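This report walks through one protein model, from overall totals to single side chains. Keep the structure open while reading.

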Amino acid sequence: MSSSEHKSKRQRKADFTDSGSLPLLPIRIAAPLPGLVIPLYLSEQEKAQKALDHALEAGTQILVTLQTGGEEERPSRANLSRIGAIAEPLQTVRLSNGDLQVDLHVLGRAEITAIEQLSPFVRATAKLQVKPSVVELTEGDEALLGEVKEKMTLLAEYDTDIEEHIDTLTELFDPGELADLTCSVLSLKPSEAQRLLEQFDPVKRLGLALEFVNGQLEARALQKRLSGRAETDLNRERHQELLREQLRLIRAELGESFDYEQDLSDLAEQLAQLKMPASAKKEAEKQLRRLRQLHPDTSEAALARTYIDWIMDLPWSKRSKDRLDLKVAREILERDHYGLERSKERILDFLSVRKLKRGTRGPILLFVGPPGVGKTSLGRSIAKALNRKFVRISLGGLRDEAELRGHRRTYVGALPGRIIQGLKSAGAKNPVFVLDEIDKVGNDFRGDPASVLLEVLDPEQNCDFEDHYLNIPFDLSEVMFICTANIVDTIPPALLDRMEIIEINGYTPEEKLHIARQYLLPQELEENGIADLDIRLPDKALFHVINGYTRESGVRELRRAVSTVLRKIARIVAEEAEPPKVVTPKMVQRLLGPVHFVPDRRLKTDEIGVVTGLAWTSVGGETLTIEVSVTKGKGTLSLTGQMGEVMRESAMAALTYVLSSADGLGIDAGFYEQAHVHVHVPQGAIPKDGPSAGAAIATALVSVLAKRPVSKEVAMTGEITLRGSVLPIGGLKEKALAALRAGCSIVLMPRENERELVEFPRYLKEKLTFVAVETIDEILEVALLPRSDQLSLEKRVTVKRPLVRPSRT
């Protein structure tokens, strides 16, 4: 047909007719364009096969429409497209498993007017498009026809599949038919084909088809340009762009395509719903706009996405609801820990204030004590009592400031610091945050972590803590920070000033017995699988474990020893032997072997020149035997027993005091010119140091020179000055426990330490007599026995020496 003949032909106007009630077949793979033959594979269980079976049995045509939604979503009125098509099955093959293969020939468009049923298959009524009446084509319509054919001819140069249809396309002069056939040979998305299907006007439909053809032509031209270049001329970025484009096409072909734009839209919607400070939201929105401009496979896009995820995952406004019931909080603290009254009272005080006034800043506490006394576990119990999240990080050996404040995003592999990471893992902005081993923080060329802690642990500054990675402020004022340390000497003074110090001293043997009975023993019985057996460890057996196999302030070694005993009993049970019902001290020694520690013993007799001193160590208190001997010499002083520098200075100060006060002490003032004084502390392989041995050394020196024995009942601690004053010391409780273990009955201590007795356990004050002194003369009056008067020590303390106040309570 020539062009001149075609000009006289009229295009038919669209008209509709009712279809009646027909089965409806939902499809997902493509929109049903008229003229298409769509191959389908239908499972026996699908409603689609039931609809097709009904059409085959009734000998009717079938309605076909595009179903949107997920793969598992069932057909519903909401996810079935309103515009579909009428089709008839060409060829059907039923497989042995009941499934059905069918080729559907799409005949024409249909507008679904009503869904009559959804089960057992979908049935609907529709209006079918009939052959339109003839209308004359305009010159613009003619030009549009020619342009579509021309562009399809160009597109055929890139795709041999399209080339097979060129002859058919050039013979078509109906705009609607040309549009449908053109789009049927293009690789269109189902949503694009559905747009074409919904366009009933043939000319407008052809214009939409031209739009799709142009898009395909540009994509194929770009692909040809990229693939046609020599490999040596492709730089790395262009080569990656080609690979990414090919990867996208492969994923699309496999049905694994990722809708990047939809993902960013979802991200923007989530960001809009989050409650966060304006500065944080502004930065996140800025990074999201930047992310939209980046290709999803670039490293910059990955960094931007990670940053946005971090901002969105932080608990900007999420809080745990505090449990303000003081009774319940007290029960939880008492149930989890024995003793530690000061710590418990501080938490209950905070809860009381919180109950009366909301918005209270979290306290910053520092638990100081030896290892194993329960500092970290107390923090966990506090979180449980407050109904807050618990976060713990260890600062031991930390030297890099960026570990706490984060790395700047310019570094490869940058991440926020451990403070922000901990808050993210907690999922709340008011957790109980334990900073373990704060006394072991170091520093080097990478910065000083303590300077970061100055900001984190300052209530006036941590409301605007700025991590280097986030580069936006985060409010830490609601966090309850709890730091732990073994000593405070290594903590910078400025940092120490920001924390409320709560000392947790070592446990007494009686306290360890209670802890073992209430906590350790039930836990270890359960841990070793013998909780259902009636096995008892009497107090004598536990005391034997405590005194013979552990020497610590905490209970870690005690837990290990109890666990060893129970493991060996579990082995007896596993070997199907009869386990012991009661574990005796002898059985403990048989299971654990010989005792590891021999308890300190007091002096057997009152000796001249030998004094029982008291020392503090990181694992508790110990007695320290100090010996002094004076022989003929030329005014020399020897100090042996691995004394530290401070202890050596104490010995020199004690000697100077004795020389300057010789007349008052009844000693020959010129003795030193022809004498050699030797001060020795036994167990010379163990280094010893500390400022509290001065009183004991002076007492031993006076005892030798005055030839007056020192009472074996007395143990003492205190530093002295050159004028004979006794200065306060630390670790009095641990030292008193050491005196009690050794069998001493009287403890001489500086008067300024007398206030600490209020917090001592009752049994300790009942078994020991604490004598507070101010000068070395008062110590000598109590500790030294006269040469001839053999009055008991108790009489001399309470009757003959009224100036010295015993502190028995």
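## Overall picture

The protein chain has an accessible surface of about 41,000 Å², and carbon and sulfur atoms contribute 50% of that. Accessible areas here come from the Shrake-Rupley method with a 1.4 Å probe, and for residues only the protein chains shown count as cover.

This is a predicted model: local features need pLDDT of at least 70, side-chain atom pairs count only at pLDDT 80 or more, and totals for chains, interfaces and linings use all residues. Residues are numbered from 1 along each chain as its sequence is written, and side-chain values use heavy atoms, with hydrogens and water left out.

The protein chain holds 30 helices and 23 strands. Helices (H or I, at least four residues) and strands (E, at least two) are DSSP runs, numbered from the N terminus. Of its 809 residues, 47% count as buried. Buried means under 20% relative accessible area, exposed means over 50%, and partly exposed lies in between (1.4 Å probe, protein chains only). Take the contacts in the protein chain with a separation of 6 or more: residues 24 or more positions apart account for 74% of them. A contact means heavy atoms within 4.5 Å.

## Aromatic pairs

How many aromatic pairs does a search of the whole structure find? The count is five. Rings of Phe, Tyr and Trp (its six-membered ring) pair if their centres lie within 6.5 Å; planes under 30 degrees apart count as stacked, over 60 as edge-to-face and the rest as tilted. Two of the pairs are described here.

W316 and F474 form a tilted pair, because their ring centres are 4.9 Å apart and their planes meet at 50°. W316 sits in the loop between α12 (299-313) and α13 (326-336), and F474 in strand β11 (residues 473-474), so the pair ties together parts 158 residues apart in sequence. W316 is buried, at 8% relative accessibility. F474 is buried too, at 2%.

F760 and F770 make an edge-to-face pair, because their centres are 5.8 Å apart and their planes stand at 75°. F760 lies in the loop between β21 (746-750) and α28 (762-767), whereas F770 lies in strand β22 (residues 769-773), so the parts tied together are 10 residues apart in sequence. Both F760 and F770 are buried.

## Lysines over rings

A charge sits over a ring if NZ of Lys or CZ of Arg is within 6 Å of the ring centre and within 35 degrees of the ring normal. Two cases follow.

| Lysine | Ring | Distance from ring centre |
|---|---|---|
| K149 | F173 | 3.9 Å |
| K424 | W310 | 4.0 Å |

## A two-faced strand

In a regular strand the side chains alternate between the two faces of the sheet. Strand β17 (residues 675-680) alternates in this way. A675, V677 and V679 point to one face and are buried.

Strand β16 (residues 636-640) runs parallel to β17, and five bridges join them. Two strands pair if DSSP finds at least two bridges between them. Opposite H676 in β17 stands T636.

## An enclosed helix

Helix α18 (residues 449-456) is largely enclosed by the rest of the structure, because six of its eight residues are buried. The buried ones are P449, A450, V452, L453, E455 and V456. They pack against helices α16 (402-405), α17 (418-426) and α19 (493-496), and against strands β9 (432-436), β10 (465-466) and β12 (480-485).

## Single residues

Helix α8 (residues 202-228) contains Q216. Q216 is buried, at 13% relative accessible area. Leaving out residues up to four places away in sequence, Q216 touches L155, L186, S187 and L188.

K204 is also in helix α8. Is K204 buried or exposed? K204 is exposed, with a relative accessible area of 55%. K204 and G176 are 28 residues apart in sequence, and their C-alpha atoms are 8.7 Å apart.

I746 belongs to strand β21. I746 is buried, at 7% relative accessible area. The C-alpha atoms of I746 and E713 are 6.1 Å apart, across 33 residues of chain.

## Cysteines

The structure holds zero disulfides (pairs of cysteine sulfur atoms within 2.5 Å). C183 is buried, at 3% relative accessible area. C744 is buried as well, at 4%.
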